[in-house]
Amino acid sequence: MNVLLDHLPEFREGFIGTVLLTLSSGLLAMVLGVIVAGFRVSPVPPLRFLGAAWVTLFRNTPLTLLFLIAWFVVPVIFWPGLSPWTKAILALGFYTSAFVCEAVRSGISTVPLGQAEAARSIGMTFIQTLRLIVLPQATRTVIAPLSSIFIALTKNSAIAGAFSVAELFGVQKLLSDKGFAIVPIFLFVAIAYLIITFTISGLFRLLERRMGVAR
Amino acid sequence: MSSSVLYDAPGPKARVRNIIYTVLGSALVLGLVVFSVYRLNEKGVLEPEVWNIFNNAGVRANIRDGVLSTLKVFALAGVLSLVLGLLLAVARLSDHKWISWVATGFIELFRAVPLLITIYALWVLFLSYKDDLGVIGENASFWALVIGLTVYNACVQAEVLRAGVNAVPRGQVEAAYALGLRKTQVMTMLLLPQAVRSMLPTIISQLVVTLKDTSLGYIVTYAELLFAARTMANNIIVNGENPITAVVIVVAAIYIAMCLLLSSLATWIEKRGRRAKTGITVAHAGGTGGAPEDVPGDVGMPMDGPPDVSK
């Protein structure tokens, strides 16, 4: 118990770091994922191809490698001097967006055909059909997979700690470097992650109940 | 619904618009590529000398060794995780309450904790008891990586298999009991073969995740591909700089090629399984894909209604 109590500030900072990292990269992943999912079902073939390429690429790249790319390739090509925080958000967000995209796409395919047909027959364009009719109905089925994607994102954010972003893995590393016994540290960090992941799954379950429609 | 339901067959106007979008989109992507190449060139990454290092036998040997040690970890962790996963799945489905509780607890704990945290903790643990552990102590980072990957992926594979077992129609089990088969026989002759068959694409997708996660060895300083490449890049100086960017690009290509190969195997098996008339529904290859993390088959399942997960 001592390790936890003596280093409460570090643990708190790490906890907040993980939560913030998850939230911000989750937001990026959501935005990118929905856009790419839109690309994947769009009427323009090259956009479909682009979406498919995006998903294939990011799903088959190890996240550690993406972190290395964010650290050593992105600054060379785009802006040098990004903060580690921004680079971590970029890597996590882009990686997760591929999974969000797949979840949204399969959600889109669960919306009954008649809905889109009706939307088209009253003259809606593709974007209107997607935005006003299909996506709102897809949300319901997308929530469950999204919850597991966000939990995965929380766990993946640990890698950022190895790249000197302040979060829970950083705390574990710091304390074990200082020579404290690893088993209690591991347990406390594990509990911290459990708190976050349980909160996420709880929130999503709540959301699911709110969004669920009696059929 | 197929994507074509979302829009009409394009008329003349829409066709023109599509062509405009095509041109704009392609121009944008092309612009990005040109810009990247331009910037890389400006920073001297595209100088012939930088890329010439890959002609060096030592560099090639380094990369080859990196690939080999990545594959070594992957092979070991992959096989062990399948074995342990099978045991955990059977344990969790066991009729003995305490066995299934222990298995459930184990699975839930290690699935919830980030893999990196587990690997790192194991690494530190192995290092601190180095002398007592013999073989494991000598090669702490390797064994930490293998055992961490095994435990985590076994938990996920166990859940995949359990979902597969639960998807086998009840009637078959009842019929087997009626024929006088025993519990073990029902499990080994009836449930598991069908579970493995129907979940094969998801199992392979999880193996892709295992392969991707071997890159975590970078953090515990195990000389797998990523770490080998990085140390190598730090030791080479071309034109007064370390060729890190070039090395990272090459390594990225190797990783993506390896993972793509494995995931296309999963997709192929899925397609093949759908064609075969065995009456076993085959899960989605993309299922978990790599959301390393979760009850496989959640993502992307609703579409064709393959086996329901654990409900």
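UniProt, in an unreviewed entry, places the feature "domain: ABC transmembrane type-1" at residues 15–204 of chain A. UniProt positions follow the numbering used here, feature names are shortened, and annotations may be inferred rather than shown by experiment. The model is predicted: local features need pLDDT of at least 70, side-chain atom pairs count only at pLDDT 80 or more, and totals for chains, interfaces and linings use all residues. Residues are numbered from 1 along each chain as its sequence is written, chains are lettered from A and ligands numbered from 1 in the order in which they are written, and side-chain values use heavy atoms, with hydrogens and water left out.

Start with chain A. Its secondary structure comes to eleven helices and zero strands. Here helices (H or I, at least four residues) and strands (E, at least two) are DSSP runs, numbered from the N terminus. The C-alpha trace of chain A spans about 70 × 45 × 25 Å along its principal axes. Of the 215 residues in chain A, 53% are buried. Buried means under 20% relative accessible area, exposed means over 50%, and partly exposed lies in between (1.4 Å probe, protein chains only). Contacts in chain A reach along the sequence: among those between residues at least 6 apart, 77% join residues at least 24 apart. A contact means heavy atoms within 4.5 Å.

Residues 15–204 of chain A are 83% helix and 0% strand. The end C-alpha atoms of that span lie 20 Å apart. The unreviewed UniProt entry also carries the annotation "transmembrane region", which covers residues 15–42, 63–82 and 181–207 of chain A. Take two of these stretches. Residues 63–82 of chain A are 70% helix and 0% strand, with end C-alpha atoms 19 Å apart. Residues 181–207 of chain A are 96% helix and 0% strand, and here the end C-alpha atoms lie 40 Å apart.

Now look at helix α4 of chain A, residues 63–72. Nine of its ten residues are buried, so α4(A) is largely enclosed by the rest of the structure. Among the buried residues are Leu63(A), Phe67(A), Trp71(A) and Phe72(A).

How do helices α2 and α6 of chain A pack? Helix α2 (residues 8–40) and helix α6 (residues 84–108) of chain A meet at an angle of about 45°, with their axes 6 Å apart. Axes are lines fitted to C-alpha atoms, for helices over the stretch in contact, and angles run from 0 to 180 degrees between N-to-C directions. That angle makes α2(A) oblique to α6(A). Angles under 35 degrees count as roughly parallel, over 145 as roughly antiparallel, 65 to 115 as roughly perpendicular and the rest as oblique. The residues of the contact divide into 18 nonpolar, seven polar and three charged. Ala, Val, Leu, Ile, Met, Phe, Trp, Tyr, Cys and Pro count as nonpolar, Asp, Glu, Lys and Arg as charged, and the others, Gly among them, as polar.

Move to chain B. Helix α3 (residues 57–92) and helix α10 (residues 225–235) of chain B have axes that come within 7 Å and cross at roughly 155°. That makes α3(B) roughly antiparallel to α10(B). From α3(B), the contact uses Val59(B), Asn62(B), Ile63(B), Gly66(B), Val67(B) and Thr70(B). From α10(B), it uses Leu225(B), Ala228(B) and Met232(B). By class, this contact has six nonpolar, three polar and no charged residues.

Leu84(B) also lies in helix α3 of chain B. At 26% relative accessibility, Leu84(B) counts as partly exposed. Beyond its neighbours within four places in sequence, Leu84(B) is in contact with Thr150(B), Val151(B) and Ala154(B).

Next comes Ser100(B), in helix α4 (residues 97–112) of chain B. Is Ser100(B) buried or exposed? Ser100(B) is buried, with a relative accessible area of 11%. Leaving aside neighbours within four places in sequence, Ser100(B) touches Ala91(B), Arg92(B) and Ser94(B).

Leu122(B) sits in helix α5 (residues 115–128) of chain B. Leu122(B) is buried too, with a relative accessible area of 16%. With neighbours within four places in sequence set aside, the contacts of Leu122(B) are Ala144(B), Ile147(B) and Gly148(B).

End at a loop. Thr221(B) is found between α9 (183–213) and α10 of chain B. Most residues other than glycine have a negative phi. The phi of Thr221(B) is near 55°, a positive value in a residue other than glycine. Thr221(B) is partly exposed, with a relative accessible area of 40%.
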